[in-house]
There are 2 protein chains.
Amino acid sequence: MADAQKPTINDVARLSGVSKKTVSRVINKSPLLNQATREKVESVIADLGYVPNLQARALALRRNFLIGLIHDNPNAQMVLGVQEGILDTIRSTEFALVVRPVDRHSPTLFDDIRRFIEQQRLYGVMLLPPLSERDDLAQLCRDLGCTVVRMGSARLDDDAHLVASNDRQAVSDAVAWLAELGHSRIGFVAGPEGFRSARERELGFHDGLARAGLKPDPAIMTRGTYRFESGRAAGEQLLSAPTPPTAVFSSNDEMAAGVLHAARERGLDVPEDLSIIGFDDTATAAHIWPPLTTVRWPIRAMARTAAAKLIHPSSAASEPSIFLSDLVRRASAITYPPESR
Amino acid sequence: MADAQKPTINDVARLSGVSKKTVSRVINKSPLLNQATREKVESVIADLGYVPNLQARALALRRNFLIGLIHDNPNAQMVLGVQEGILDTIRSTEFALVVRPVDRHSPTLFDDIRRFIEQQRLYGVMLLPPLSERDDLAQLCRDLGCTVVRMGSARLDDDAHLVASNDRQAVSDAVAWLAELGHSRIGFVAGPEGFRSARERELGFHDGLARAGLKPDPAIMTRGTYRFESGRAAGEQLLSAPTPPTAVFSSNDEMAAGVLHAARERGLDVPEDLSIIGFDDTATAAHIWPPLTTVRWPIRAMARTAAAKLIHPSSAASEPSIFLSDLVRRASAITYPPESR
DNA sequence: TTGTAAGCGTTATCAA
DNA sequence: TTGATAACGCTTACAA
């Protein structure tokens, strides 16, 4: 049953009494076609359940219909959000989404990517952070004849090749809000060095303090790896400062959860004794106790736009590339001093 | 720079002074080839940086090199784990992984999947739960001439078309362990009706009680939707029973986190007043407080095997299909009554 | 062990 | 507005 040879363009041509070129014109919606002819061919196509062979088209057109997603798993929800966003855009087209997780520490990273693009002859590629921050990787893809759109947290490239959130602004706003709540000792957990997102968030932190007229205090600022354990260590460090912070901004949710654990282990209550804000709005953020106030960025919408820039470079390339994030206010950050005490 | 026409098999043939068929033989590692010829051709291939055109191969071979992953986002970490597992297997081959998230409640689900498979002419498809539990979908893929491997939590199909965890056994073990810890009032939060995984876990729960010589008590058993909020509601319900449970098994982590919130809102301490066990070992499980004891299934390994069954049906089809899960013991489940009280 | 001719299913060229 | 013919880059007969 599965092997009832799929009908080809020849079958359609024969059955509708036209040449295959005419059928091809119908498929490609050529404008110069007799309406009657078109309708006849279309009805045969429907009858037969004919679906054009994409591989053959790709061969003849000397171009492919594959979009590649290359990433080194920044976090599961983000990768999945991106996939959904890309699909939103390409679902009604002939394009397909091919994924390739890679290891950015692998010595063969370059070759892996080259091989992937060459072998599959990708039409376009989307790069996720932190890979997207590397100009050499973007250049590699271009040299391979493949359009690239990079997703990041700052202006990594020109509008045609970029979708980015404005992390600096978002963090600045979050910190300013903590200050409005009455906090004047605000701790900071930075992300790992070498990550552009980490740097942007760090800049945003300083911006926020400045807006509130506060001075940064190195005693309550530290750095983590974006992983849970590092957040816990960072929390311990900050909370054992001579004058500990009353609020902490963590550069991502996973570390924020770590800070929360550290506080708990010292017998502190969150948010009564310590307010915490994270970044990313991962699933965890809403499911920990107390629910985490955090910065959410519109990943899916960004990916939708990114895909549009890839497949309609002419019309979509100039669409806005910078997306605004917003602060999701949950229970982990409250006024200082707490009202109910 | 990008448009330096890629070399073709003809270029290789010309430069190495052989026919294209011979080059083809080299590419396909045909055994009957003069060693010297092979080496010469290989060196030309290397010089040229020639990469065979997969689309052309696909056309000539009348088969494709695309594996599809169809899912309705059971949870982000699982989907990503599956993608990584599949890539582990296909990385060194010519296959690529094409993903297609779908909406299982969409009226066009059937057509969406058909269109995807027909259009991309997939070689094989992997189905994730809960979609994988539907025989009609698996049959659809087969009718379209595409091998299918289903991932599930029970024997949904024969070995050649299945990778499954043994949820029933895993839950039974978890519940038996709670009993060993001294709990005799063990509550249960079931997953949504219609989910095979939910049923298996439910059966496992009863098995576990039976093994411990305990009777199920409907007053401390309820059902959720696998979502956080439903877990919270379930927790409230169980904890307001005339004689509330001292431990709860939740059919997934997300609901377990909800039960935890419910307990907290009633002023209960976890695990001192209530032990909780979840299922899935999502990222959240390790990051909530207290860290959640949960069942972990070897998703990536399962996906690796699934991919092998797809691309090497002859050798891998008979590999074992049932994978064992294990209990990850963290702080959320302790003895009853608690020792330190 | 190697080569020739034909074909896979589509589109481009150029006439009609 | 349509159609014959030659690509596209590769593989499978079938010879040599």
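The model is predicted, so local features need pLDDT of at least 70 and side-chain atom pairs count only at pLDDT 80 or more, while totals for chains, interfaces and linings use all residues. Residues are numbered from 1 along each chain as its sequence is written, chains are lettered from A and ligands numbered from 1 in the order in which they are written, and side-chain values use heavy atoms, with hydrogens and water left out.

**DNA strand C**

- There are 26 residues around DNA strand C, where a residue is near a strand if one of its heavy atoms lies within 4 Å of it.
- Those that come nearest are A:Ile9, A:Lys20, A:Ser24, B:Thr22 and B:Thr37.
- Of the atoms of DNA strand C that come within 4 Å of the protein, 63% belong to sugar and phosphate.
- Two or more residues of the surface near DNA strand C come from each of α2 (20-27) and α4 (54-61) of chain A and α2 (20-27) and α4 (54-61) of chain B; helices are DSSP runs (H or I, at least four residues), numbered from the N terminus.
- α4(A) gives the largest share, five residues.
- The surface comprises 12 nonpolar, eight polar and six charged residues; Ala, Val, Leu, Ile, Met, Phe, Trp, Tyr, Cys and Pro count as nonpolar, Asp, Glu, Lys and Arg as charged, and the others, Gly among them, as polar.

**DNA strand D**

- DNA strand D is surrounded by 26 residues, of which A:Thr22, A:Thr37, B:Ile9, B:Lys21 and B:Tyr50 are the closest.
- Sugar and phosphate make up 66% of the atoms of DNA strand D that come within 4 Å of the protein.
- A base oxygen of DNA strand D has a polar side-chain atom of A:Arg25 at 2.6 Å.
- At least two residues of the surface come from each of α2 and α4 of chain A and α2 and α4 of chain B, and α4(B) has the largest share, five residues.
- The class counts near DNA strand D are 12 nonpolar, eight polar and six charged.

Terms used. Polar contact = N/O pair within 3.5 Å; in protein donor to acceptor, adjacent residues only side chain to side chain.
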